[in-house]
Every structure is written in C-alpha cells, then in structure tokens.
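Student: Could we go through this model together? I would like to begin with the aromatic residues and then move on to other features.

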Amino acid sequence: MIQLFTRDVVLSVRSGGGFGLALVFFLILVVLMPFALGPDQSVLAKIAPGLLWLGALLACLLSSDRIFGMDYEDGTLELLATSPLPLESVYLAKAAAHWFTTGLPLSLAAPVFGILLNLNLEVGGVLCLSLLLGTPALSLIGSFGATLTLGVRRGGLLLSLLVLPLYIPTLIFGALTVNAAALGKELDGSLIPILAITLGAIAILPFFSAMALRANLQ
Amino acid sequence: MSTKLGMKHFWPFFWKLANPKVFMRWSGLCLPWIIALTVLCLGTGLIWGFFLTPDDARQGSTVKIIYLHVPSAFIAINGYFVMVLGSLFWLVRRQHVSVLVAKASAPIGMTMTVIALTTGAIWGQPIWGTYWVWDPRLTSFLILFLFYIGYVALWAAIDDQDKVADLTSVLALVGAVFAILSRYAVIFWNQGLHQGTTVTIADGVSQKNISSIFFQPLLLSMIGFGLLFLTLLLIGARTEIRAQRLQVLEGLERLK
Amino acid sequence: MMPDLGKYAVEVTSAYGITFLLILIISFLYWRRGLIIKRRLMAAEARKDA
C-alpha cells in the first residue's frame, strides 16, 4: 500500500501528473478574485476566508478525475484488483496520494496566497489548520466520486456533479471556522466538525468505493 | 385482530413483490384504483384548499401555496428515502425490482423538489421581498435537488445495467449519509455567526396551532401528493421492469 | 366562484400553475415512456414466439 502511495505521488509530480495543477489553479483564482471584486482591502479581507476555502475545494475537485482514470485506461487497475491488496486499500492509497499532492500543498500555500487578499496571518494560521483537517475529506470524497465515474465519457463533468453536494458540509464547516477566526472569535471546538467529517469519510468511504471499483471492474 | 392478521400476511407478501412477475401482476391490478384515489384526494384537497379556505392575516392569499409547498416537500424527502431503501435492497439481495423502483422514484422526487423550491420561492417573494433566501429549509432542498440530479445523471451515463445499478446504489447510500449531515450543517451555517434563527415561512405555518380549517385540506393534499408519487412510481417501475426484459430479448435476437 | 386573491393573485396563480405544469409533464413523460416500452416489448415477445 505504501508502494502504491509512493508510486502515485511520484507519477503525479512528474510531468503529466497533477501536482502543479491544483496549486496553479488555486493561485489563478486568488489572483483573479480582486480583479473581479475590486481592490477594496476591507471587502477582500472579509470574503477572503471563504474564497480561499472555496478555491482550495475547486482545485481539489479539478484534479480528482485523474485519480483512477489513467490506471483504469491502461489496465493497471485490473492488475491491482487481482493483487493481494484489498480494494479498500487501493482506494485509500490513491486518496492519500491525491491529498499529498493536492490538499497538503494547498493548505500550506493558502495563508501565503491569502496575503494577496489581505488576510492577516493569524487567520491564515487557522485557515491552514482547517484546510489541513478538511482537505483529506475532500480527497476522500473526490476519490469516491472517481470510483463511480470510471470509464464514463466526459467523466470529469459527471464527477463534479456527483461530488458537489457531498462537498458542501466540509465547505460549510471549514469556511465557518475561518470566518469565525476572522471576526476574532474563539476557536472553541469549531475544528471538530471538520475533523469528524474526515474521520467519518475514512470510516465509511473505503467500503463503498471498493464496491464501486468491483462493479466497474467486472 | 384483523390488523394483526393483516400484518402477519403483509411482510411475506411484500417480499414476494421482489419477483418481477408478481410485482407486475399486483401493480397492474392496483394501479387503476390508485390512480382513481390520487385524483380524488389530490383534487379534493387542492380544490378545498384553494377555494374554500380563508386568507391568512399576515400572508394574505399566499397562504394557499401551503397546499402545494408542504406536500411536495414532504414527498420530495420521502422519495429520496424510497430511493435509498431500493438501493439498499439491491446491494443486499440483488433483486432487480428493488433497484428499478429506486430508479423510477428519482425523477418523481426530483420534480417534487423543484415544485417545493419553486413554490417556496414564489411564496417567499411577497413575504421576504426576494425570490431566494438561503434559509436552512430551502437550502436543504436545493442540496436534495443536487443529490437527485447526480443520481439520475449517473443512471443515464452508463449502459451496463447491472453495473450502473451497483454504482447508483452506492451513490444513493453515501448520498443519504451526506444528505443527513448536510441538513445539520446547513442549520449551523445559517445561524453561524449571527445568533438567532431565521424564521422560515413553513415555520410560521407549521406551528401546532394551525387551525383545522387549514390542516384538513393540507392533510388531504399531502395524501394526494403521496398517492401521486405512488402512481408514478408504479408506472415507472413497471416500465423499467419491461425495459429490462426488452433488453434481454433484444440481446438474444442479436445473438441469433 | 374564484376567490378574491387580492394583491397576491399573481403569486398564487403562478405557484399553482407551475405545480400543475410540472406534474403534468412528469406524468406525461412517465406514461409515454411506459407506452413505448410496452409496445416494443410486445413486439419483441411476438417475434420471439413467432
């Protein structure tokens, strides 16, 4: 399982992989937002937390259809299915690789990009923490969606549609946490729902993703 | 005594419905009656509510929208429930009737959700001054709509019937978990930074002290909408069962 | 016979109108697909028995 994880990460970082994609997309979003919304610092500071969370979410979504796609197309996935590794582990390894190359860099980059949106660094810290806890959930959910849309033409579009409502709770709690911090409120446990969603996703999604993979590999 | 006896026979009968032939036979027999009942209840409920109930002091005649909004919302949620149950039965027992019932229920539920959203928005305009408000209830229905669309879209995207039955069922089950989660998240989100709940239209009306003037036609409308759902569900499920048999026959023909 | 809907006449009528329309559409679609599939199935069964 570690091997699968490492392999996916390496593949992703090489050209043709998805590593830079999410970060670049996130950067583009952050840079373009002031042009769309006006340079007013106070406005930007107010909406920055939510926008940054949303940007991270979209960046994660964009790279999700690549999680299983290439392996499915060249038959690697079938090989993996016949290996002693259970499908649940295949799913987890791939979701972890996706997070490592998408969610993790995004979480770390977010406070830095946030400077462009007049986000002060304390709030940036909360943003980073909330993203670190929440992006795994996004990767897990995105990977789950990917198992459903394997082999579908224009699968990316369908994937986005399926995953969109599933993302909403994570986004709600993530943005809520950072917005509260921006208003100077205490954190007092608002990171817990985010963590709970991630842990819940780890608990239930592997089982269902394995089912979906099995259905697709018949 | 008769209900006890009835219940004793109900469940074995219910499981028998998993057999396509039995399902087709019974649904075919019951359908005309159910259609008649639907027209009766829905018609009576709506006519009663529209013509024969007074206006509300605060909301004027818009209160009449309640006979559309509440039943459709109620059925929209229950439709999802049917979808999830059918999906569960498919995954556990591999009986096609279950998943085809789930498949048939989705577009109906989706329509009900749209009705709930539209009537909610139209009702909200004069009350709140805007067509759309991100209040917990309407937002939850918007999310429910997204779940429905995803499910229907997945069915449409894949040809292999057994494969797509598995995938959509998995989607429905995971979706159910997240739908429940969303319901609470949205309440939290709406209150979020501003203490104090927003009062939704439905809250104002669903107080326990709705007089029976409003409640009886409302109840009748709800039953009517429920029967409408059942009617369309049976029609749809019968169609899907036939379509599956058709696919088998046409597949056999191609082999010759 | 028509109740006085007052100033909300547009809202109430459009709500009822849209609801009826949507119910009509979905019912029609379900009925029509049912008919098409039933006919095709009967044709296929006839070909099979022939």
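Student: Is A:Phe113 buried or exposed?

Tutor: This is a predicted model. In it, A:Phe113 has a relative accessible area of 14%, and it is buried because the cut-off for that class is under 20%.

Student: Which helices do A:Phe26 and A:Phe113 lie in?

Tutor: A:Phe26 belongs to helix α2 (residues 19–37) of chain A, and A:Phe113 to helix α6 (residues 87–114) of chain A. The pair therefore ties together parts that are 87 residues apart in sequence.

Student: And what is the relative accessible area of A:Phe26?

Tutor: The value for A:Phe26 is 0%, so this residue is buried.

Student: Turning to chain B, how far apart are the ring centres of B:Phe50 and B:Phe51?

Tutor: Their centres are 5.0 Å apart. The planes stand at 85°, so the pair is edge-to-face. B:Phe50 is buried, at 9% relative accessible area, whereas B:Phe51 counts as partly exposed at 29%.

Student: Which residues form one aromatic cluster with B:Phe50 and B:Phe51?

Tutor: C:Tyr16 and C:Phe20 form one cluster with them. As for confidence, chain C averages a pLDDT of 88, and 90% of its residues score at least 70.

Student: What ipTM does the predictor give the complex?

Tutor: The predictor gives an ipTM of 0.90, along with a pTM of 0.89.

Student: New topic: charges over rings. Where does the charged end of B:Arg25 sit?

Tutor: It sits over the ring of B:Trp26, 5.6 Å from the ring centre. Elsewhere in chain B, B:Arg94 lies over the face of B:Trp90, at 4.4 Å from the centre of that ring.

Student: Which residues line the second largest cavity?

Tutor: The lining includes A:Leu162 and A:Pro165 from chain A, and B:Tyr80, B:Met83, B:Phe147 and B:Gly150 from chain B. Two or more lining residues come from each of α8 (155–182) of chain A and α3 (66–93), α5 (136–157) and α6 (161–191) of chain B.

Student: How many of the lining residues are nonpolar, polar or charged?

Tutor: By class, the lining of the second largest cavity has 8 nonpolar and 2 polar residues, and no charged ones.

Terms used
Residues numbered from 1 in each chain as written. Chains lettered and ligands numbered in written order. Predicted model: local features only at pLDDT ≥ 70, side-chain atom pairs only at ≥ 80, totals over all residues. Heavy atoms only, no water. Helix = DSSP H or I, 4+ residues; strand = E, 2+ residues; numbered from the N terminus. Buried < 20%, exposed > 50% of the residue type's maximum accessible area, 1.4 Å probe, protein only. Phe/Tyr/Trp six-rings, centres within 6.5 Å; stacked < 30°, edge-to-face > 60°. Lys NZ or Arg CZ within 6 Å of the ring centre and 35° of its normal. pLDDT = per-residue confidence, 0-100. 1 Å grid on protein atoms, 1.4 Å probe; cavity = no way out; pocket = protein on both sides within 12 Å on 5 of 7 lines; lining within 4 Å. Nonpolar A, V, L, I, M, F, W, Y, C, P; charged D, E, K, R; others polar.
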